[in-house]
Amino acid sequence: MKIFLLKIDLKSWRFSGVASAVCGIFYVYIVHFSRFRCRNMLFDCIEKNLKTWFGFFGRFVSRHEVFFLVGPLCVSGLLGAGLSHVRTDRDIDSLFSPYNAPARKERAALGGLFPAEEPWEYRNPVQHGDGNYVRVLLTSSGSGNILTERYLQWVRWIDTLVTSEVVTFGGANFTYNDICAFQDDECAGEDFRRLLYVLDIGDGSLSYPVTMLEDGRRLFVGNLLGRIVPAPIKNLLTSVASAGAVQLLYYLRTNDSLHDHVSKLWEDELEKKLLKLNPPDVGVVVSTARTLEREYLENSAGIIPRFAGTVLLALFATGALCFTADCVRSKPLLGLGGVVTACFSGLASAGLISLCGGAFTTTLVPLPVLLLGSSLHDTYSMLSSWRLTSERDDVKTRMSETYQRAVVPMVFTYVIHVVFFGVGAITPVPVIRTYCLYGFVLFFFNFLYFITMFGVFLSLTGRREARRLHCILLHTKPEAAERTVLANLLCGAALPRNSADSKAPTRAGAADEQESALHPFMRMVKESYAPFITQIYLKPFIILLYCAYLSVSLVGCLQVREGILPKTLINYDSQSSRFFRVEEDFFTDFGPRIAVVLRGPIRYWDPAVHDDLENLTRTFESIPHISAPDTDAWFRDYRAYLNTAVGLRRADKQKYLKRLHRHFLNTTAFRRYRSDIVFKNNQKNIRASRFFLQSKKTSNYKEWIAVMNAARRVARESDLNVTVYNPAFMFLDQFAPVLPEALENLGIAGFCFLVFALFTVTNFRSSMWVAVITMSVMTGLIGFLTVLGTNLDPATLGYSVFAAGFCIQATSPIVFAFVRAQGPTRTKCMQSTLVYYSMPAVQTCLTMMFAVLPFTTAPSYIFYSLFQAVFTLCALVMLHAVVVMPVIMTVVGPSKEEELSDSAASTPNKETSSGPYQVSAV
């Protein structure tokens, strides 16, 4: 709990400011603004004008069907051609590392002094870092000792196979010795061969984790040997009795374009050869500098069949849910048209983004699925509004009334979607910013396509219905006297032939017509479900269940896990995943090294300054998961060298630097420190230097992040100019801002929603109810995803941005209709509201829960989390829409007696939509 609150405090002042602004606006509204009757007049004017304009536009679409059908198709074709120039972004660090990440500044500070991305300097290279290298992990079968000759002969054979690999480029042949990275006049990564030499000449014992070579050099074997079994301690040194795995590291040049290109070719050829190996006694797993990035892109390409399955299931579900026993009133093809419209709008927006130079990543793949969910709700909403129109009117009139009822709420919800995606685009995490910017474009295009292209489909469906054509076969329905048994099965009940010609229906006839036009689901809600869910004896049990739901959700929110791991970006059975599993299973003692850089003028020769450096080093070594005996600091060894080899305990600046440059750094045992000291003014001054801390292996990323933060804190509190860096910090920095950014963005989005609702919605209480319901759904979504094992990572934040808008889109019609409904009691108004406004939300949620089923077998975490998020969101929205809201709002909702008196006093002749209690949406 303390950790959770501490994370929130990182940007609490910004979040508190947003919350204070929301409370202030709400207070001002309640105390002052809501008392003025002119406010209702203003909002009635806005709503009336919007309905008038969209009513005219609906008529216009029905009159120009060819233009509004061909136009969007041509736009999709032209913009979709831009996908031929699609560009992908595979740089994992630049995608997930925040723009303001400390590691970016640390790497920039090192760039002019030390190479920031030399993987051999950090011993265990980062899988997604820069540089060229090949890592080979060899494991013994069973519990065998890989240091025995039985296994070492395989190890030597594979090493020979690697070093003899030849690649041809430009007519020249290149071997490993031609392209290996140099360090101290030899290929970097020779530690393994030195280890073999020690085993060959030794007496079978090997000190761990450091072995001293004959020439005085220290050989660190902690990252070379895995699953160590220690031998009895001798002479205060830990010896190795056996080891289960060994790591071979091959570092390649990147200092010029030729060697960089040849190194990459050599990596690829060697990787293909090693993957074909299957030694009987040794397990082999291999990874290169680009393996993770390549599999990251392949992961998105492999998900296309599942996305196609989602579209097919959505087509089937919409067609089935739009089909009834009435062969004329059924509209399965219209449901299919909604999915087709979403596909064409997605094609146009993706093509536009590609033409504008936007890059696509794996994290953008869920966007079309989320767009499909919003499109399905629009489809069912427009279809529900169409059912409320009179079947005796012509198509133009019905289109006008449908647009007045459905498109005005669509404007409201799409503005909310755009606002939420716009707020998410200001986050410092590049992958979330890209996700929200692309979502902004997708939802904007989707709205345009639905009021144009889908409007044409709706108009054509109305003309088919007026001509009494079959909903699928498109033939004329035979008269009752002419119907056969097969015709009865195919056609069922339908409109009477003269229904569309009657111009003056009676009140009873209109009521019968409205009753016959009810969808079977609506009839079931009216006759069974609505009276059942609103009965007084059931409400206490539902309230108790809701309290239990909130308790579980809050517990999950307090245990939220942040950040995304590299292994979650790829398939479970991929090459990198196998490499990660072997590394985590065998190499459990030591992690990568952390560089500590000292910049600026420092009097290294001054004993007082040396004591300060020693105290700083010990402070670093006191950090948990830092191995103090394995710190590699040049000034420590140089001080010992001066005291023992030279016998000089105190030296002035000139002697100190002269012996450092001419003698110490040329000694075989200390030549490795040459790259750790940057001289200036012809070796007369030290511009900067560095030393390395050896980290222990952490059990999870939280411990590694704690090490990173502790090291940064020590550097920040030091009186010297100190910087700490490891290439992994670039990726780890994305863990820090996830929760604060999520809370801040949700707060800003909620603030924008309330401000927008304040100036566009007649009854502000409706907006407050929607906000409360959205908060309840979002709490349940994050809490249940945490319980299911999903982290709060950039992908989940993207789902949350959509979830907030989708919740408002699905529940706001029910809330607005209930608040504005006029009837004797809350229960009667809620029953009528459920009949006319619950169907789109239920249909959308059921369709999406069915459509995302292909992702249950997704071979990677990032796409399986999409199934978890969408399925959980739809279940929670449907639960709130048809269970929680009907009970809570009938208990503590607005009083209908007051609503009746207010409505009679303010707008006695106000036109409302169909329904027994004048239910009206936005």
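In the hairpin of strand 18 and strand 19, Asn-681 takes a positive phi near 55°. There are 4 residues between the two strands. Strands are DSSP runs (E, at least two residues), and helices are runs of H or I with at least four residues, both numbered from the N terminus. The model is predicted: local features need pLDDT of at least 70, side-chain atom pairs count only at pLDDT 80 or more, and totals for chains, interfaces and linings use all residues. Residues are numbered from 1 along each chain as its sequence is written, and side-chain values use heavy atoms, with hydrogens and water left out.

**Strands 18 and 19**
- Strand 18 (residues 677-680) and strand 19 (residues 685-696) run antiparallel, joined by 4 bridges.
- Two strands count as paired if DSSP finds at least two bridges between them.
- Ile-677 has Ser-689 in strand 19 as its bridge partner.

- Strand 10 joins strand 13 (residues 245-252) through 2 bridges, and the two run antiparallel.
- Gly-226 has Ala-245 in strand 13 as its bridge partner.

- Strand 7 pairs with strand 12 over 2 bridges, in the antiparallel sense.
- Ser-207 stands opposite Ser-239 in strand 12.
- Ala-231 sits in the loop between strand 11 (229-230) and strand 12 (238-242).
- From C-alpha to C-alpha, Ala-231 and Ser-207 are 9.4 Å apart, with 24 residues separating them in sequence.
- Ala-231 has a relative accessible area of 21%, so it counts as partly exposed.
- Partly exposed lies between buried (under 20% relative accessible area) and exposed (over 50%), with a 1.4 Å probe and protein chains only.

**Positive patch**
- Lys-655, Lys-658, Arg-659 and Arg-662 form a positive surface patch.
- Patch residues have over 30% relative accessible area and no salt bridge; like charges are joined within 9 Å, and nonpolar side chains (Val, Leu, Ile, Met, Phe, Trp, Tyr) within 5 Å.
- A salt bridge puts a side-chain nitrogen of Lys or Arg within 4 Å of a carboxyl oxygen of Asp or Glu.
- Lys-658 belongs to helix 24 (residues 653-662).
- Lys-658 is partly exposed because its relative accessibility is 44%.

Conventions: Areas by Shrake-Rupley, 256 points an atom, 1.4 Å probe, with all protein chains shown as cover. Lys, Arg positive; Asp, Glu negative; His and termini not counted. Charge placed at Lys NZ, Arg CZ, Asp CG, Glu CD.
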